[in-house]
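Subject: Handing over the structure

Hi there,

Here is the structure I promised to pass on to you. Have a look at it first, and then read on for what was found in it.

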Amino acid sequence: MDLPLFPPSDDASNEWSPSSWRNAVAKQMPVYDDHAELEKTIKTLDRVAPLVFAGEVRSLHEKLARVAQGEGIVLMGGDCAESFKEFHVNHIRDTFRVILQMALVMTYGSSMPVVKIGRIAGQFAKPRSEPNEVIAGVSLPSYRGDIVNGEEFTSEARRNDPHRMVEAYYQSAQTLNILRAFSTGGYADISRLHAWNLDFVEGTEEGSRYRLFASKVDESLRFMKAIGVDTSKPEFTSVDFYTSHECLLLPYEQALTRQDSITGKWYDCSAHMLWVGERTRNLDGAHIEFTRGICNPLGVKVSDKCTPEELIRIINKMNPHNIPGKLSIIVRMGAEKLRNHLPGLISAVQREGKTVVWISDPVHGNTRKTKSGYKTRDFDKIREELNAFFDVHDEMGSHPGGIHVEMTGEDVTECTGGLSDVTEDTLKHRYNTTCDPRLNGSQALELAFLIAERMRLRTGLQPM
């Protein structure tokens, strides 16, 4: 028989602590059958080194504060869910290089700094519509991501295993080591921008467009060198790259929360930034309770179900002191619903004098199933929602602060449309996702050019 979800925190008062979330309603949480094993795992993670450090988190917060003031744009991208079996340095490298390409296009197009944040090194857990999955009359716990259980439909694989949190921690540590090496070890040197083009993108229309764009940047770099600018400085040879994931599996997040020795404040050291999902953002819930006490930059996903009044209450709970850069509102609605509902949300935020970063998630509201059973997303619908996001901000006089997408550097066929011309018939060729469909490198790059053009239009610059 399943045991109670989690024992309550020792602190039953209204004071925040890393474990005070246990006194609140915890949605989308796996049920573990052995609490002694769970507590042993949490104690193990209590003693490990932090994955990120408070100084890095503060650096990201400063950048997001500038975005909130209209002085930058955010690019968040990465896998729907990381997996243990697909972990490989080449997979990390290819996703990283697509993000570099996208960021360079967006920087050049917008004439603004781009804050680069990966959905990586911790994006393992996934919310589920049902706690159990039934196949041929057999009911087993739903697959909640590799940090919780296995994808195979067997009793052994689907057992919610606490030790998987430790495995996820060590994979995240390796991923961060690789990312730090790529960010500062020369791979991100802007003089290598031609080498960032992925082989499968090279022959596409977007690949050709990127090559032409890269030639313009090369020309600019040569001009800078000619007038004495030192392009060997870190500003040209390295990038600041941050990590993020959905704050979902709270025992893991609690175990990696540390008190900063300099400021005495609490930071969740599993990632630089965390967000609360649409299904877990209830005001009296455990996820809002946990995130309200940490000093990391936060995000919250909202759909058309969120009312202006509810959004203001969420903002007051997650960012009570209205600190710029602390909170990002990640909007996922679909184009038509966004045009109807986003103006009211923006108006409420403006009326209440709240400072947030508005980010578009144009993929989650556009998921559908094909007749053959594949879950997919139509690129045209994604593009429509992104354009609607910019249109609404133009009308409201607010700043479109960025984009949040599920994408990969692999040559997958999971989302239909775009210049890569994936169709329902070709989805089966390279449909590799263990969860939701992702944009491939060509489709992701196409979105980056769209954002660049929209930002140029806003600032009165000539088309690229």
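Before the findings, a word on residue classes: Ala, Val, Leu, Ile, Met, Phe, Trp, Tyr, Cys and Pro count as nonpolar, Asp, Glu, Lys and Arg as charged, and the others, Gly among them, as polar. Please keep in mind that this is a predicted model, in which local features need pLDDT of at least 70 and side-chain atom pairs count only at pLDDT 80 or more, while totals for chains, interfaces and linings use all residues. Residues are numbered from 1 along each chain as its sequence is written, and side-chain values use heavy atoms, with hydrogens and water left out.

On a 1 Å grid over the protein atoms alone, a cavity is a set of points where a 1.4 Å probe fits but cannot get out; a pocket is an open set with protein on both sides within 12 Å along at least five of seven lines, and lining residues have an atom within 4 Å of a point. Grid points are joined across faces, edges and corners, and a volume is the space filled by probe spheres set on the points.

Searching the whole structure turns up four cavities of 30 Å³ or more. The largest cavity has a volume of about 150 Å³. Its lining has four nonpolar, seven polar and four charged residues. Of these 15 lining residues, Asp79, Glu82, His91, Ile92 and Ile120 lie nearest the centre of the largest cavity. Helix α3 (89-110) and helix α5 each supply at least two lining residues, and the largest share, three residues, comes from α3. Helices (H or I, at least four residues) and strands (E, at least two) are DSSP runs, numbered from the N terminus.

The second largest cavity has a volume of about 50 Å³. Among the residues lining the second largest cavity are Phe124, Ile147, His245 and Tyr252. Two or more residues of this lining come from each of β5 (241-246) and α9 (250-255). By class, the lining of the second largest cavity divides into six nonpolar, three polar and two charged residues.

Now for the pockets. The largest pocket has a volume of about 1,100 Å³. Its lining has 41 residues, and Arg128, Ser129, Arg279, Lys375 and Asp436 lie nearest the centre. Seven of the lining residues of the largest pocket are nonpolar, 14 polar and 20 charged. The second largest pocket holds about 740 Å³ of space. Thr107, Val114, Lys116, Glu235 and Val239 are the closest to its centre among 30 lining residues. By class, the lining of the second largest pocket has 20 nonpolar, four polar and six charged residues.

On to the helices. The axes of α1 (residues 35-46) and α5 (residues 164-184) come within 9 Å and cross at roughly 20°. Axes are lines fitted to C-alpha atoms, for helices over the stretch in contact, and angles run from 0 to 180 degrees between N-to-C directions. Helices α1 and α5 are therefore roughly parallel to each other (angles under 35 degrees count as such). Leu38, Thr41, Thr44 and Leu45 of α1 meet Met165, Val166 and Tyr169 of α5 in the contact (heavy atoms within 4.5 Å).

Finally, the structure holds 30 salt bridges (a side-chain nitrogen of Lys or Arg within 4 Å of a carboxyl oxygen of Asp or Glu). Glutamate 39 forms one with arginine 22, the closest N and O atoms being 3.3 Å apart. Glutamate 39 lies in helix α1 and arginine 22 in the segment before α1, so this pair ties together parts that are 17 residues apart in sequence.

Best wishes

Terms used:
Parallel < 35°, antiparallel > 145°, perpendicular 65-115°, else oblique.
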